[in-house]
Amino acid sequence: MASLNLLHHPSTSISSSSSCCLFPRSFIPRNNNLTPKGGSNHIKQSLIVKSVAGGPFTDGTIPIPSNPFDAIPSLKLNLLSAVSGLNRGLAANEEDLQKADAAAKELEDAGGLVDLTDNLDKLQGRWKLIYSSAFSSRTLGGSRPGPPIGRLLPITLGQVFQRIDILSKDFDNIVELQFGAPWPLPPLEATATLAHKFELIGSSKIKIIFEKTTVKTTGNFSQLPPLEVPQLPEALRPKSNRGSGDFEVTYLDADTRVTRGDRGELRVFVIS
């Protein structure tokens, strides 16, 4: 699998007075045919929201209905609140990781088991990564080998997307990067596309197989041709990177996707 592990958090501020209409109709999940894990008694009856999208939010109790599917909008808000302000996980400490994981588990339990065998089209589209627990390692590789990033290094991570085409079985990780340059040169901006093919294993597990990386400069250097880096022959690849990997889709609706990787990485996406 490519060495970059995937995941801009939502910037929309929400006031406590509008909690009754936090999500548009399209935000309500469409998986009401699923059976919740643990039954409705597993769902908490109230929820304290402290912050949304990185900004302060007046403490208040949002009632969660006894029906777990009615509770999903509130649980989604709880998860977004838990990961907001963490710079997609790059700024997360151990406590942040635990809060995000707990919020994700509540949503996963309420949503029930994901079955993609007849609903693979729900994966279709361009998804924006808003959180990855792997990024807490402060490297672009997450739990896999990758270049380190930080304030002293001239690499700035922009937005990260996953583009999934269920017909061609294309699965592309798209990463916006900015590289520092010595004065007076402007910084170099580029988009790296890590191309994969994917297949469904079982009902909810996705296996991806890396094919190539394409780097295209943008901004002031957009006229430069793209650079294509093919996959190394298998005999030359390190054992830690055999060009494939898998993850479980643990929650999915029309605009939110939660996955857990083969090395335990929690990732949260919203439709772009």
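Okay, let's start at Thr 259: leaving out residues up to four places away in sequence, Thr 259 touches Phe 247, Glu 248, Val 249, Thr 250, Glu 265, Leu 266, Arg 267 and Phe 269, where contact means heavy atoms within 4.5 Å. Quick caveat: this is a predicted model, where local features need pLDDT of at least 70, side-chain atom pairs count only at pLDDT 80 or more, and totals for chains, interfaces and linings use all residues. Numbering runs from 1 along each chain as its sequence is written, and side-chain values use heavy atoms, with hydrogens and water left out.

Thr 259 sits in strand E10, residues 256-261; strands are DSSP runs of E, at least two residues, numbered from the N terminus. Its relative accessible area is 2%, so Thr 259 is buried (under 20%, with a 1.4 Å probe, protein chains only).

Now, the rings. How many aromatic pairs turn up in the whole structure? The search finds 2, counting Phe, Tyr and Trp rings (the six-membered one for Trp) with centres within 6.5 Å. One of them, Phe 171 with Phe 247, is tilted, at 5.8 Å centre to centre and 45° between the planes; tilted covers what is left between stacked, under 30 degrees, and edge-to-face, over 60. Phe 171 is in strand E5 (170-179) and Phe 247 in strand E9 (244-252), so this pair ties together parts 76 residues apart in sequence.

Terms used:
Helix = DSSP H or I, 4+ residues; strand = E, 2+ residues; numbered from the N terminus. Buried < 20%, exposed > 50% of the residue type's maximum accessible area, 1.4 Å probe, protein only.
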